[in-house]
Amino acid sequence: MRYDVAVIGLGPAGITFLKCIENSGLRVIAFDSSSFPRKKLCAGGLTRKAYLFLKRKFEGIDSVVKFKAFDISLFEGDREVLVTSRS
């Protein structure tokens, strides 16, 4: 089979690119070294900056956001740092 586009890596950049061309009519194949669903360090979360960027690109992003977290705890060994944001 022949494809118009091959996407290597389905991280944030690869997925965003696929979203941008989803209605283009192009034949696409995508590859990633991991199997899905996969566990990620960010646990599927977005920073506020990334969320605002994606919201500008995709008006309907809020329909797929499951919840917003305003407090997170970061751990390194027995040390905990609480990060809080209300915006």
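Because the model is predicted, local features need pLDDT of at least 70 and side-chain atom pairs count only at pLDDT 80 or more, while totals for chains, interfaces and linings use all residues. Residues are numbered from 1 along each chain as its sequence is written, and side-chain values use heavy atoms, with hydrogens and water left out.

Two helices and four strands make up the secondary structure, taken as DSSP runs numbered from the N terminus (helices, H or I, at least four residues; strands, E, at least two). Along the sequence they come in the order β-α-β-α-β-β. Of the 87 residues, 11% are buried, meaning under 20% relative accessible area, with exposed set at over 50% and partly exposed in between (1.4 Å probe, protein chains only). The protein exposes about 7600 Å², and carbon and sulfur atoms supply 58% of that area; the areas come from the Shrake-Rupley method with a 1.4 Å probe, and for residues only the protein chains shown count as cover. As for contacts (heavy atoms within 4.5 Å), 22% of those between residues at least 6 apart in sequence join residues at least 24 apart.

Helix α1 spans residues 12–20 and includes Thr-16. Thr-16 counts as buried because its relative accessible area is 19%. Leaving aside residues up to four places away in sequence, Thr-16 touches Leu-54 and Phe-58.

At the other end of the pattern, strands β3 (residues 71–76) and β4 (residues 79–84) run antiparallel and are joined by six bridges; strands pair if DSSP finds at least two bridges between them. The two form a hairpin with two residues between them, and Gly-77 in the turn has a positive phi of about 65 degrees. Glu-76 sits opposite Arg-79 of β4, and their side chains also meet in a salt bridge, 3.8 Å from N to O. Both partners are exposed, Glu-76 at 59% and Arg-79 at 51%.

In total there are four salt bridges, each being a side-chain nitrogen of Lys or Arg within 4 Å of a carboxyl oxygen of Asp or Glu. Asp-4 and Arg-27 form one of them, with the closest N and O atoms 3.4 Å apart. That pair links distant parts of the chain, 23 residues apart: Asp-4 lies in the segment before β1 (5–8), and Arg-27 in the loop between α1 and β2 (28–31). Asp-4 is partly exposed at 42%, as is Arg-27 at 44%. Lys-19 and Glu-22 form another, at 2.7 Å from N to O; Lys-19 is partly exposed at 37% and Glu-22 at 46%.
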